[in-house]
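Dear colleague,

Please find the structure below, handed over for your review.

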Amino acid sequence: MADKLVVVAGNIGVGKTSITERIGQKFGWNTSYEVVSTNPYLSNYYQDMKKWGFHLQVYFLGTRAQQYQEIVEKSGSAILDRSIYEDYYIFTQALRRMNNFSETDYLTYQTIYNVVVKSLPKPDLLVYLKAPVNVLIERIKMRGRDMESSIDPNYLKLLDQLYNEWLLDFDYCPVLTIQSDKLDFVQEPKNLDIIIEKINQKLKGHDNLIFE
């Protein structure tokens with residue numbers, strides 16, 4: 001196949017980084033990961049979303065666009081562990097629904113987002129990882145990031161709802177949905193081969209949208 005750009009989407013703790021790392025190694029693809037440990041806003045954001053929401057979203061938008069530009073300039077296929085579309089359709093919308101984003105900030109962010117996204121290539125495939133909120137909570141606890149210790153389960157439920165709404169109308173590229181709790185590729189490495197086969201099928205134009 002020609003060079004491909006694949007993005008991974010999904011809720012917090014669903015396994016995006018794990019699958020990006022494994023797929024990158026298996027295929028020999030370039031990889032790019034969400035900036036977390038050096039993010040100057042994330043810890044404060046989980047403590048006060050209303051105060052830091054706009055700052056965080058602008059930071060993510062800028063760093064994510066930079067990651068896209070850098071990785072598409074390299075030769076070979078690539079996989080990224082979060083799509084830039086989630087910044088707007090999931091996290092910004094969540095902040096609005098929780099009344100943590102003023103209308104002025106929202107319109108400003110929307111304008112910047114639209115300009116940025118138009119300058120970036122569309123991916124060839126979006127791999128959407130999905131798992132129940134109780135599974136996400138356990139995984140978040142297991143990875144032990146201090147900044148995530150205060151995440152409200154209701155926030156994860158809201159994000160899950162927004163993902164369901166977003167993907168109903170998503171048309172930038174084909175989507176492969178994987179229930180990562182039923183097809184655990186971390187605890188059961190053999191499941192990775194099944195996922196890889198499904199990714200290959202989707203990149204070749206097959207139509208199965210949901211894989212459990």
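In what follows, a residue is called buried when its relative accessible area is under 20%, exposed when over 50%, and partly exposed in between (1.4 Å probe, protein chains only). Helices (H or I, at least four residues) and strands (E, at least two) are DSSP runs, numbered from the N terminus.

The model is predicted: local features need pLDDT of at least 70, side-chain atom pairs count only at pLDDT 80 or more, and totals for chains, interfaces and linings use all residues. Residues are numbered from 1 along each chain as its sequence is written, and side-chain values use heavy atoms, with hydrogens and water left out.

Strand β5 and its surroundings

Strand β5 (residues 175-179) is mostly covered, with five of its five residues buried. From this strand V175, T177 and Q179 point one way, while L176 and I178 point the other way. β5 runs parallel to strand β4 (residues 125-130), and five bridges join the two; strands pair if DSSP finds at least two bridges between them. Q179 is the bridge partner of K130.

S180 belongs to the loop between β5 and α8 (190-203). Because its relative accessibility is 1%, S180 counts as buried. Its side chain reaches the backbone oxygen of V14 at 3.1 Å. Leaving aside residues up to four places away in sequence, S180 touches V14, K130, A131, R139 and F185, where contact means heavy atoms within 4.5 Å.

Aromatic rings

The structure holds 19 aromatic pairs. Rings of Phe, Tyr and Trp (its six-membered ring) pair if their centres lie within 6.5 Å; planes under 30 degrees apart count as stacked, over 60 as edge-to-face and the rest as tilted. The ring centres of Y41 and Y59 are 5.9 Å apart and their planes stand at 70°, so this pair is edge-to-face. Y41 lies in the loop between β2 (30-32) and α2 (42-47), and Y59 in helix α3 (residues 49-72), 18 residues apart. Y41 counts as partly exposed because its relative accessibility is 24%.

Y109 and Y113 form a stacked pair, at 6.4 Å centre to centre and with 20° between the planes. Both of these residues are buried. They are four residues apart in helix α5 (residues 103-118), and are therefore separated by about one helical turn.

Helix α3

Among the buried residues of α3 are L56, F60, L61 and Y68.

Yours sincerely

Technical notes
Polar contact = N/O pair within 3.5 Å; in protein donor to acceptor, adjacent residues only side chain to side chain.
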